[in-house]
Amino acid sequence: MALNPKLSAASRNLALNAALDVMNTTGSIKIYDGTQPTDADTAIAAQVLLATNAMAATAWAAAAAGSKAAGAFTAANAVASSTATWYGFFNNVTRVWDGTVGTATVNLVFNSVAIASGANVAVTGFTATMAV
Amino acid sequence: MAKGYVFRGQGLGVVTDKVYLQWPSKSDFDEVMQRELSLHGFSINGDEVAVTKRWIRVQEVELVGLQDVLDAEPAPGQLNEFVYGELDEASLREILAGPREPTGATPLIEMNGTGSVTNPGEPGYNPDL
């Protein structure tokens, strides 16, 4: 018999809320260049911080139907010039969740990943969806 | 009680287990071996295989009992027959259907975001966000 685990919507909501609500109050997303670390517990080394977009006090709305939407992000001016390749969601100074940045087939899609210092960097929406 | 035989392809790590209800034939050997060789860029009918002849010999004797496969690593070079008790024919048929492939392409949680970058000099640029 094939492997076929299924999780209820209620349980998926619980998991998403537990994982992401830690960003409430002090959440942000930071955009970096370089190689994405192996995981969110691996320290950032030579990667350069390009921009920081603060999240709203309620960083993520309550999950529903196994999906959770982020609140508004504050647009910011880039603090360095480079090519954006990955991001990290932060709870204050603690990195929580990493993902890829690009112009297609990535976790965070920008119109351009070539960021010049001072550029306007905006995150216009983010959704986390847990598979059934 | 049923009896089965497992050919375990062991190149760079365990790659393939294939179970046979009957003692595998030469063509069975060849089929599994070719699958294994293909992973290393060789053809079983190619001249290059001569280079790996020793390796092939080792593979050929790595027939182990099903219980060995399930419970422990087989002793290299041993040729074991095993009569297993609790495994019924339906279970064996399931194993015969092939290894279970994880559906790793689907991440546990998908993260999808959108954003924009407006560099200095581009329309709509704001230097004082």
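This is a predicted model: local features need pLDDT of at least 70, side-chain atom pairs count only at pLDDT 80 or more; totals for chains, interfaces and linings use all residues.
**Exercise 1. Work out which elements chain A has and in what order they come.**

Start with the inventory: chain A contains one helix and ten strands. Next, follow the sequence, and you get the pattern α-β-β-β-β-β-β-β-β-β-β. Now check the contacts: of those in chain A with a separation of 6 or more, 67% link residues 24 or more positions apart. To finish, look at burial: 42% of the 132 residues in chain A are buried.

**Exercise 2. Find the buried side of H1(A) and say what packs there.**

First, get the helix in view: H1(A) has twelve residues and reaches 16 Å from its first C-alpha to its last, close to the 16 Å expected at 1.5 Å a residue. Then pick out its buried residues, counting those under 20% relative accessible area: A:Arg12, A:Asn13, A:Leu16 and A:Leu20. These sit on the same side of H1(A) because they cover an arc of only 100° around the axis. Last, see what the buried residues of H1(A) pack against: S3 (67-69), S7 and S10 of chain A, together with S5 of chain B.

**Exercise 3. Trace the largest nonpolar core and its contributors.**

Begin with its members: the core has 33 residues, and A:Ile31, A:Trp60, A:Phe89 and A:Phe126 have the most contacts inside it. Next, list elements giving two or more residues, including H1 (9-20) and S1 (27-32) of chain A and S5 (109-118) of chain B. Finally, name the top contributor: S10(A), with five residues.

Definitions and conventions. Residues are numbered from 1 along each chain as its sequence is written. Chains are lettered from A and ligands numbered from 1 in the order in which they are written. Side-chain values use heavy atoms; hydrogens and water are left out. A nonpolar core is a set of buried Ala, Val, Leu, Ile, Met, Phe, Trp, Tyr and Cys residues joined through side-chain atoms within 4.5 Å. Buried means under 20% relative accessible area, exposed over 50%, partly exposed in between (1.4 Å probe, protein chains only). Helices (H or I, at least four residues) and strands (E, at least two) are DSSP runs, numbered from the N terminus. The expected span of a helix is 1.5 Å times one less than its number of residues. The arc is that of the directions from the helix axis to the C-beta atoms. Contact means heavy atoms within 4.5 Å.
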